[in-house]
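Reader: Before we go through the ligand sites, please show me the sequence and the model.

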Amino acid sequence: MEPDTEPRGTVTQREQSMVLNDVNMLYHIYATVPPIAQTLMMELQRKNHVEYLLRGLQQLGPSFCSLDANRPWICYWILHSMALLGEFVDADLEDRTIEFLSRCQDPNGGYGGGPGQMPHLATTYAAVNALISLGGEKSLPSINRSKVYTFLKCMKDPSGAFRMHDAGEIDVRACYTAISVASILNILDDELLQNVGNYILSCQTYEGGIAGEPGSEAHGGYTFCGLAAMILINEADRLDLAALIGWVVFRQGVEGGFQGRTNKLVDGCYSFWQGGVFALLRRFHSIIGESPTPVDQRGAECSIDNTQTTTASDVSEGDGSSDEISSQGDEHCHFQHREREPLFHSIALQRYLLLCSQDPRGGLRDKLRKPRDYYHTCYCLSGLSICQHSWLKDEDSSPLPRAVLGPYSNVLEPVHPVFNIVLDRYHEAHEFFSRS
Ligand SMILES: CC(C)=CCC/C(C)=C/CC/C(C)=C/COP(=O)(O)OP(=O)(O)O
Ligand SMILES: [Zn+2]
């Protein structure tokens, strides 16, 4: 038998070079086609994405069994993607979705993966975010907040952390989903808050990122969850933020996309889990009135160019003669306001999302050769929005053209990074739950 030559969970050099070959080949094709074809390749295929999303939502009835314990998630992934694209669903689909999610609500509080299923924190978070993404006067009142509160209290462990479900596992995901739901529904109190920060703190690893549980490996998904929860409970400054920033900046690969953890492949969904960490850090620093130190200040003295279309060659290297991807950043200058530059390479990430993750027939995916799915569609679009809106002076202004790769019509709605809900819907929910 062959000895195990690679540590468990680590990608092989062969897997890594296959991904790089695919990506390099596509970027090379992009660089050699005429400008009109480049524009097409870099365009967000809105119409096809909407068609793909609506097909998924229409299938959510009892016959939809493929992800039976995940149906509130499917609702959230689709409705949030629609909201990012600035689209609404029609009244019939809206009613059916609200009715379906109400049937997932447990009589004792919280939402299960389908009607009659055991309530679970992940599907409770998904259902609440789905209903908020839908918005409107029927959707928000359908959430039984006092019962959700009872459910959250039942999930609270004496240690301060949360369990995913009755007698289920304790982890950072459970802490984030509980705190996120409680916060947006305006039911967060001292009892729910008690000691949750200590648990999250115990999950920050020697690498600087956050793991799912104490002693595990730092991962983008859990780093997002841990930091977002710490911001919500006002304890983010207890984390070693310098180490966390140091960890996350090195998760962006030469392909432009992010990996979830050290020595793993890039994947489109981490555009949000890791890209969202930068948006959280920016938000946190603006709350406490500081500016995060840019890792790369090369753009500091450059002037703004008003070109309407930012092309992928804007991210190519040196004299532009090579199509190969280099691990070095680009030499382009974007803004005079260095305090608002993102700490990651936003244009390179947009290039990865539009060229590699986007399926031109609609939907987005992990990487080339992988199939599209609703999870990746949601988190790739969320990451794209984070990129486009990462250079703003404030959250209400529109992105500058140079911040947007491809035609300006690619611009998506901005998200609230803590909840991953489109900003308008977040404000509507915040207002609604503040008065009721
Ligand atoms: C709100 C909520 C429920 C958040 C979930 C956050 C999240 C995405 C956690 C990731 C969990 C994890 C360790 C995946 C590794 O999968 P893998 O080994 O297949 O992937 P990898 O090779 O990219 O690490
Ligand atoms: Zn993924």
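**Two ligand sites**

Author: Ligand 1 is surrounded by 13 residues, the closest being Arg173, His219, Arg261, Lys264 and Tyr270, where a residue is near a molecule if one of its heavy atoms lies within 4 Å of it. This is a predicted model, in which local features need pLDDT of at least 70 and side-chain atom pairs count only at pLDDT 80 or more, while totals for chains, interfaces and linings use all residues. Residues are numbered from 1 along each chain as its sequence is written, chains are lettered from A and ligands numbered from 1 in the order in which they are written, and side-chain values use heavy atoms, with hydrogens and water left out.

Reader: Which side chain has an N or O atom 2.9 Å from an oxygen atom of ligand 1?

Author: A polar contact here is a pair of N or O atoms within 3.5 Å. The side chain at 2.9 Å is that of Lys264, while Arg261 places a side-chain N or O atom 2.6 Å from a ligand oxygen, and Tyr270 has such an atom at 2.6 Å.

Reader: Are Asp267 and His376 buried or exposed?

Author: Both Asp267 and His376 are buried, meaning under 20% relative accessible area with a 1.4 Å probe and protein chains only.

Notes: A polar contact is a pair of N or O atoms within 3.5 Å; within protein, one must be able to donate a hydrogen and the other to accept it, and residues adjacent in sequence count only if both atoms are side-chain atoms. Buried means under 20% relative accessible area, exposed over 50%, partly exposed in between (1.4 Å probe, protein chains only).
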